[in-house]
Amino acid sequence: MRRKMVKPVLFGLLALLVVVLPLVAACAKPAPPAPPEVKKPSTVKVAYLADLTGPYAAVGPPLVMGFTDYIEMINERDGGIDGVPIQALWADTKAKADLTTAAYKRFKAQGVLAISCMVTPVALAVQSLVNEDKIPAINQSATLSLYIPPTDYMWCHGGVATDY
């Protein structure tokens with residue numbers, strides 16, 4: 001009796017699969033489309049607003065040389081960022097707001113990814129611009145007014161003096 005039941009049960013299961021599988025396939029979500037291929041830029045540009053002359057000239061040239069040397073090392077050692085070379089740009093601002101703003105606007109027009117500001121007068125000159133343009137600015141400035149209230153695009157990598 002058991003053997004007589006096996007065939008109908010198997011045919012019943014097969015018929016059920018034939019009906020259910022197309023329904024399951026029809027309800028399945030289609031595979032998401034492949035993400036669009038992102039075209040890499042030919043270079044990644046970063047800029048340094050520094051004082052090579054002016055009141056901070058004693059510290060400006062070594063900082064710019066360190067900045068450019070580090071970019072050169074990353075390009076030689078690592079091939080840049082994900083195979084894209086980094087281009088180091090810099091300008092002598094003499095700690096003057098007009099020279100700083102002009103250099104910032106030149107760098108922005110060239111498509112810089114980020115800017116480093118050497119001293120407080122430089123950072124203060126571009127503070128509103130970097131936030132408006134959404135270009136990160138990394139500062140060595142220690143003036144608390146640059147960071148209070150906090151903003152999204154003005155960053156400090158050193159200590160902040162509270163007595164300014």
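Predicted model: local features only at pLDDT ≥ 70, side-chain atom pairs only at ≥ 80, totals over all residues.
**Whole chain.** Colour the chain by secondary structure. The chain has 164 residues, and 29% of them are buried. Of the contacts with a separation of 6 or more, 49% join residues 24 or more positions apart.

**Helices H3 and H4.** Select residues 97-109 for H3 and 120-133 for H4. Two packed helices are described by the angle between their axes and the distance between the axes. Here the axes come within 8 Å and cross at roughly 30°. The crossing of H3 with H4 is right-handed.

Next, show side chains at this contact. On H3, pick Ala97, Thr100, Thr101, Tyr104 and Lys108; on H4, their counterparts are Val122, Ala125, Val126, Leu129, Val130 and Asp133. By class, this contact holds seven nonpolar, two polar and two charged residues.

**The largest pocket.** Move to Val46, Phe67, Ile71, Ser116 and Ile138, which lie nearest the centre of the largest pocket among its 16 lining residues. The volume of this pocket is about 290 Å³.

To see where the lining comes from, select strand S1 (44-50), helix H2 (60-78) and strand S3 (114-117); each gives at least two residues. The largest share belongs to S1, with four residues. Colour the lining by class to finish: 13 residues are nonpolar, three are polar and none is charged.

Note on methods:
Residues numbered from 1 in each chain as written. Heavy atoms only, no water. Axes fitted to C-alpha atoms, helices over the stretch in contact; angles between N-to-C directions. Left-handed = near helix turned anticlockwise from the far one by under 90°. Contact = heavy atoms within 4.5 Å. Nonpolar A, V, L, I, M, F, W, Y, C, P; charged D, E, K, R; others polar. 1 Å grid on protein atoms, 1.4 Å probe; cavity = no way out; pocket = protein on both sides within 12 Å on 5 of 7 lines; lining within 4 Å. Points joined across faces, edges and corners; volume = space filled by probe spheres on them. Buried < 20%, exposed > 50% of the residue type's maximum accessible area, 1.4 Å probe, protein only.
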